[in-house]
Amino acid sequence: ESMLMDLLRRAWLAVLPPFAAVAVYICKAWTRRVGASRSKITWDPEEKVWKVRSHSGILNLLKRPEVRANFLPGLMEGLDSHEKKKYFFLQSFFSRWPLFQDGEIQARTHRVLAGQFTSLKLQGRIREIVGKVTDEMIAENMLKTGEWDLVECYAKRLPLRVIIEVLGFQRSDEQDLKQWADTVEEWFGGRGEASERFAACQTALEAYWERAEILLQEELPEDCLAVELQRAEERGDLKVAEVIPNLFFLMAAGHETTSSFVSNTMLLVLKDPALERRLRACVSAPGFTINCPQYDEMIEEFLRYTCPIKCMYRQVGHDFEFEGITFKKGQQIHFLNYAANHDPAMFPDPGQIIPGRRNGRKHITFGLHEHICPGMRLGKMMGKVAVAELLRRMPDLRLAVPADQVRSLPLDSISALEALPVIHAPR
């Protein structure tokens with residue numbers, strides 16, 4: 001028996017060091033991971049917000065029930081009680097968007113809006129509209145002989161024209177809708193004097209509401225989204241007061257994000273000869289479709305790299321702790337999508353364009369979980385067609401200025417270019 005105990009003791013002493021080493025390694029790795037994550041969660045004392053830059057931090061915080069999507073109260077914080085009453089219409093309008101909703105209300109609104117893009121009939125109609133409008137826009141721009149702005153003449157106008165037709169508005173509404181969407185974007189950007197931004201935004205929303213009420217009384221195409229949302233209201237899936245705000249939500253969100261994606265992707269491609277040759281070869285190949293695997297991988301990588309929506313906003317509903325950090329009720333959280341899409345812990349060599357990379361589809365360009373963009377299908381389709389057709393049908397398109405002279409707009413939420421001067425002529 002004593003010999004057996006001695007053998008067991010020797011065996012234990014022999015295996016203990018390796019187990020201990022493994023345990024120490026795991027603890028150190030965990031400490032490094034938590035430390036790295038914490039270093040990417042910082043408090044900005046000037047803006048008085050938490051900023052989260054890591055992919056894992058955003059992924060895990062968005063799962064916390066204490067993190068609320070409705071950050072409208074935070075946006076209204078700088079207003080006095082009189083001004084809050086004055087801008088009640090604005091608050092009521094935005095509260096109908098799934099962007100500002102939580103729980104069952106958000107799930108219902110998101111389900112209705114996202115469900116519109118799963119209909120095979122509507123998908124076919126959208127493809128038809130995207131193709132037709134792209135043909136129109138390229139034909140217009142091919143007639144230009146000198147320098148022209150790809151942002152203003154193509155990237156902004158194409159998605160807006162598509163969405164106008166998909167929703168059921170008239171082409172004659174294009175300029176007004178663009179102006180109203182731009183005003184809301186400026187309000188979101190948070191720059192300039194608060195009362196002026198709120199006043200301009202509410203005026204734009206009131207003007208849009210009047211036009212949308214007229215639209216819904218008109219005889220509309222059976223397969224447009226305005227009619228589909230009215231049917232959802234008749235079924236009880238949406239409330240009457242939710243139809244008009246969510247038509248605007250689909251228009252504004254789809255227009256701005258697609259415009260940003262097309263502009264930034266074309267800049268990325270046109271300043272990199274090797275990437276341009278690779279992409280042109282792909283879209284010009286016999287039998288090419290926008291859903292071919294090679295092109296799809298490229299688009300996903302461009303979405304990760306350019307990240308049209310730079311930031312998601314949230315508010316803390318109740319005090320909680322996360323990785324040793326205490327988040328207090330009422331505090332704002334900014335999830336920095338662009339930083340997360342360039343987080344080397346998730347995407348090795350994030351500054352390189354690597355189509356088909358491992359985890360390539362785990363970018364958070366369209367959001368995460370239940371708050372993923374309901375119009376993602378439409379946005380992807382427009383972006384894929386816009387980029388492919390421009391490269392395929394304009395083989396001599398190139399930048400008209402050095403790439404380092406192209407400037408971005410000073411917006412916190414969207415990666416938008418001021419302009420992208422190009423020229424279409426033989427080199």
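Student: Which residue in β10 does Trp-148 stand opposite?

Tutor: Trp-148 stands opposite Val-422 in β10, and the bridge partner of Asp-149 in that strand is Pro-421. This is a predicted model, in which local features need pLDDT of at least 70 and side-chain atom pairs count only at pLDDT 80 or more, while totals for chains, interfaces and linings use all residues. Residues are numbered from 1 along each chain as its sequence is written, and side-chain values use heavy atoms, with hydrogens and water left out.

Student: What makes β4 and β10 count as strands that pair?

Tutor: Strands are DSSP runs of E with at least two residues, and helices are runs of H or I with at least four, both numbered from the N terminus. Two strands pair if DSSP finds at least two bridges between them; β4 and β10 (residues 421-424) have 2 bridges in the antiparallel sense, so they meet that definition. Antiparallel β9 and β10 are joined by 3 bridges, and Leu-397 stands opposite His-424 in β10.

Student: Why are β4 and β9 called edge strands?

Tutor: The open sheet has 3 strands in the order β4-β10-β9, with antiparallel pairing. Here β4 (148-149) and β9 (397-399) each pair on one side only, and they are the edge strands. Helix α13 (residues 240-270) packs on this sheet and touches β9 and β10, where contact means heavy atoms within 4.5 Å. The direction of α13 makes about 85 degrees with that of β9, axes being lines fitted to C-alpha atoms, for helices over the stretch in contact, with angles from 0 to 180 degrees between N-to-C directions.

Student: How do you know that Cys-311 is too far from Cys-307 for a bond?

Tutor: A disulfide is defined as a pair of cysteine sulfur atoms within 2.5 Å, whereas the sulfur of Cys-311 is 9.8 Å from its closest cysteine sulfur, in Cys-307, and is therefore too far for a bond. By this rule the count comes to 0 disulfides.

Student: Why is His-110 called buried, and what is Cys-373 called?

Tutor: Buried means under 20% relative accessible area and exposed over 50%, with partly exposed in between (1.4 Å probe, protein chains only). His-110, in helix α6 (residues 103-115), has 14% and therefore counts as buried; Cys-311, at 6%, is also buried. Cys-373, at 28%, is partly exposed. Not counting residues up to four places away in sequence, His-110 touches several residues, including Glu-370, Ile-372 and Cys-373.
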